[in-house]
Amino acid sequence: MSTEAWFDDPLVRPYAVTGGRTRSSTLGLDLITLVVAMRTPAEVDLQPEYAKTLQVCQHPISVVEVAALVNLPLQVVKVVLSDLITQGLVIFRSAPPSDDAPSQHLLQAVLDGIRRL
């Protein structure tokens with residue numbers, strides 16, 4: 001097996017891109033975290049996978065959508081996005097914690113108000 005062959009293997013290459021890291025930093029990126037690029041790939045010198053990820057993030061998009069569009073495993077995309085965030089090229093906004101959900105009483109009041117319309 002040549003050196004080129006292992007690097008072109010679709011299962012090995014993404015992990016080679018992230019330096020073998022399979023976990024992102026402590027940013028807490030999940031499937032529905034929204035990310036958006038602060039710069040374009042033309043403005044910075046990046047590896048192809050990083051540039052493609054940055055290009056996909058030109059408009060707000062969820063982490064899972066980025067993974068689908070760049071055709072890389074979700075964990076690899078989380079590592080790439082974490083690197084881009086650390087470099088200040090991407091910003092993110094996580095979904096509010098589930099304990100911030102409105103109370104049952106508030107939801108019922110809204111529903112009652114809508115019914116009265």
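This is a predicted model: local features need pLDDT of at least 70, side-chain atom pairs count only at pLDDT 80 or more; totals for chains, interfaces and linings use all residues.
Two residues are said to touch, or to be in contact, when their heavy atoms lie within 4.5 Å. Leaving aside residues up to four places away in sequence, Leu-46 touches Ala-51, Leu-54, Leu-84, Gln-87 and Leu-89.

Leu-46 also leads us to the nonpolar core. The largest such core has 23 residues, and Val-35 and Leu-46 are those with the most contacts inside it. Strand β1 and the helices α3 (48-56), α4 and α5 each supply at least two of its residues, and α5 gives the most, with 6 residues. As a general background, nonpolar side chains in soluble globular proteins tend to be buried together.

Now follow Val-35 to the sheet. In β3, its bridge partner is Phe-92. Strand β1 (residues 34-37) runs antiparallel to β3, and 4 bridges join the two. The whole sheet is open and has 3 strands in the order β2-β1-β3, with antiparallel pairing. At its edges are β2 (61-62) and β3 (90-93), each of which pairs on one side only.

The axes of α4 (residues 63-70) and α5 (residues 74-86) come within 9 Å and cross at roughly 110 degrees. Angles of 65 to 115 degrees count as roughly perpendicular, and α4 and α5 are therefore roughly perpendicular to each other. On the α4 side, the contact is made by Val-63, Val-64, Val-66, Ala-67 and Val-70, while α5 brings Leu-74, Val-77, Lys-78 and Leu-81. By class, this contact has 8 nonpolar residues, 1 charged residue and no polar ones.

Terms used
Residues are numbered from 1 along each chain as its sequence is written. Side-chain values use heavy atoms; hydrogens and water are left out. Two strands pair if DSSP finds at least two bridges between them. Axes are lines fitted to C-alpha atoms, for helices over the stretch in contact, and angles run from 0 to 180 degrees between N-to-C directions. Angles under 35 degrees count as roughly parallel, over 145 as roughly antiparallel, 65 to 115 as roughly perpendicular and the rest as oblique. Ala, Val, Leu, Ile, Met, Phe, Trp, Tyr, Cys and Pro count as nonpolar, Asp, Glu, Lys and Arg as charged, and the others, Gly among them, as polar. A nonpolar core is a set of buried Ala, Val, Leu, Ile, Met, Phe, Trp, Tyr and Cys residues joined through side-chain atoms within 4.5 Å. Buried means under 20% relative accessible area, exposed over 50%, partly exposed in between (1.4 Å probe, protein chains only).
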